[in-house]
Amino acid sequence: MTAEVMAQEETQTGAEVVVEGDVQPKESLDESKPKTVEKSSSYKEESNFLSDLKEFERKALNEFKSKLEEAILGNSLFEKAELKKEASTVAEEKKEDAEESVEAVKEEEKKVEEEKDVSLWGVPLLPSKGTEGTDVVLLKFLRAREFKVNDAFEMLKKTLKWRKEAKIDSVVDEDFGSDLASAAYMNGVDHEGHPVCYNIFGVFESEELYQKAFGTEEKRSEFLRWRCQLMEKGIQKLNLKPGGASSLLQINDLKNSPGPSKKELRAATKQTVAMLQDNYPEMVAKNIFINVPFWYYALNALLSPFLTQRTKSKFVVARPAKVTETLAKYIPIEEIPVHYGGFKRENDSEFSTQDASVSELTLKAGSTATIEIPALEVGNTLCWDLTVLGWEVSYKEEFVPNDEGSYTVIVQKGKKMGSQEGPIRNSFRNNEAGKVILTIENTTNKKKRVMYRYKTNNNSF
């Protein structure tokens, strides 16, 4: 049996929502009530609080700290042969006379003393210093090696050696030009506060940029160094303390990306994966691949043997039709760039982070919802953003005056919205009191998620 059902609820922003459709059980009707968008519970970063660790994890951490303390205080964190070689090299460079040679050795001995102040990503590693971030950093290495202390310790030593030899601490200040600026960038945060990094592989469709990045071994090495810089800049945005967001969310856009037939790209991808996995443990909360073409699965099979099971468990894959829906599980819609179906626009003059929060309603199959935005003061301008995940609905906008003798104004004619439609932004200046009504009709057999926000700009002086 069908009947007209009206579920009305004042939203957090003051808009009124009316839903019409089939009669549903009471608990199902609650889905149609507008609510502030909540964060996804589909993933959560593992706790770095000691009290939350399992007994074997705490034991491993304490053993790791003891081993590290001993190595740092005993000057054995770096290979002694390596230090002697450095001292010898410095001495040879300054062997104009015996006095300078002695000074060179003293200088190297001073370097050995400085190893006691060794740090990683700005966090001191000497456990007895007792900084909050030390446990957080060490737990990353332990988790990457399944809490096997010796393996984690060797991984840390190799990472420190690699950073020293490659001078990674200074890479953030290096200038790689503007060519690669469009290939990756940081933008916003996810529901859990993780900074989001977007990697745009489609820019390498340009043969000129492709050759600049991957044409020779030397250029691939420079590309890897640039990728390190991006990672280091992202880590600077992290909160390496218990309870803080201590990893990044990576979005990998494969739209128009060159396929795996490009051997230079394959080589660079393997090198990048190895470098990040070996030297940046647990720095990625999730790796989301969007606009995934069919060849991705072949590339994934190629790279899979080089990835740990833990790394692979963080992969999320979305075909082009599911991009916005997938991103919205992890990132607030107001933080998703508009070209990915979100509300975030560069240099947005209408909405800021302090403006109205986003509300959400669930539109059941075969039902219609109207969102009513009050416009009680004459001369104001109303602005709104709205999107329906997956669209395939009918949509229209109109202004209805409070005065029954006035005419309804069509703001946007009714139209069928396809699955690939982007978010809608529109505005309306009212010359009389009334309300703007946004109508969404879902004629499909699937429920739809509707997200929206609005604000009123007072134009009076």
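Biologist: Why is W226 called buried in this model?

Modeller: W226 has a relative accessibility of 9%, and buried means under 20%, so the residue counts as buried. The model is a predicted one.

Biologist: What makes F223 buried?

Modeller: The relative accessible area of F223 is 9%. The limit for buried is under 20%, and F223 therefore falls into that class.

Biologist: How many aromatic pairs does a search of the whole structure find?

Modeller: The search returns 15 aromatic pairs. One of them is formed by Y185 and Y198, which are stacked, at 5.6 Å from centre to centre and 20 degrees between the planes.

Biologist: What makes the pair of F223 and W226 tilted?

Modeller: Their planes are 40 degrees apart, with 5.5 Å from centre to centre. Stacked requires under 30 degrees and edge-to-face over 60, and the rest count as tilted; the pair of F223 and W226 is therefore tilted.

Biologist: How do you know that β6 and β7 are paired strands?

Modeller: Pairing needs at least two bridges. Strand β6 (residues 184–189) and strand β7 (residues 195–200) are joined by 4 bridges and run antiparallel, so they qualify. V189 stands opposite P195. The two strands form a hairpin with 5 residues between them, and G193 in the turn has a positive phi of about 90 degrees.

Biologist: Why is strand β13 described as largely enclosed?

Modeller: Of the 8 residues of β13 (residues 381–388), 8 are buried, so the rest of the structure largely encloses the strand. T381, C383, D385 and T387 point one way, and L382, W384, L386 and V388 point the other way.

Biologist: What makes β16 and β18 antiparallel partners of β13?

Modeller: The requirement is at least two bridges. Strand β16 (residues 424–429) is joined to β13 by 6 bridges, and strand β18 (residues 448–457) by 8 bridges; both run antiparallel to β13. T381 stands opposite R429 in β16, and C383 has K455 as its bridge partner in β18.

Biologist: Why do D135 and K65 count as a salt bridge?

Modeller: The cut-off is 4 Å between side-chain nitrogen and carboxyl oxygen, and the closest N and O atoms of D135 and K65 are 3.1 Å apart. D135 lies in helix α5 (residues 132–144) and K65 in helix α2 (residues 55–73), so the pair ties together parts that are 70 residues apart in sequence. The count for the structure is 23 salt bridges.

Biologist: What makes K435 partly exposed?

Modeller: Its relative accessibility is 26%, which lies between the limits of 20% and 50%. The side chains of K435 and E372 meet in a salt bridge at 3.4 Å, N to O. E372 lies in strand β12 (residues 368–375) and K435 in strand β17 (residues 434–441), so the pair ties together parts that are 63 residues apart in sequence.

Biologist: Which residues are closest to the centre of the largest cavity?

Modeller: The largest cavity has a volume of about 870 Å³. Of its 43 lining residues, V273, L276, N287, F289 and F315 are the closest to the centre. By class, the lining has 27 nonpolar, 11 polar and 5 charged residues, and helix α9 supplies the largest share, 7 residues.

Definitions and conventions
Residues are numbered from 1 along each chain as its sequence is written. This is a predicted model: local features need pLDDT of at least 70, side-chain atom pairs count only at pLDDT 80 or more; totals for chains, interfaces and linings use all residues. Side-chain values use heavy atoms; hydrogens and water are left out. Buried means under 20% relative accessible area, exposed over 50%, partly exposed in between (1.4 Å probe, protein chains only). On a 1 Å grid over the protein atoms alone, a cavity is a set of points where a 1.4 Å probe fits but cannot get out, and a pocket is an open set with protein on both sides within 12 Å along at least five of seven lines; lining residues have an atom within 4 Å of a point. Grid points are joined across faces, edges and corners, and a volume is the space filled by probe spheres set on the points. Ala, Val, Leu, Ile, Met, Phe, Trp, Tyr, Cys and Pro count as nonpolar, Asp, Glu, Lys and Arg as charged, and the others, Gly among them, as polar. Rings of Phe, Tyr and Trp (its six-membered ring) pair if their centres lie within 6.5 Å; planes under 30 degrees apart count as stacked, over 60 as edge-to-face and the rest as tilted.
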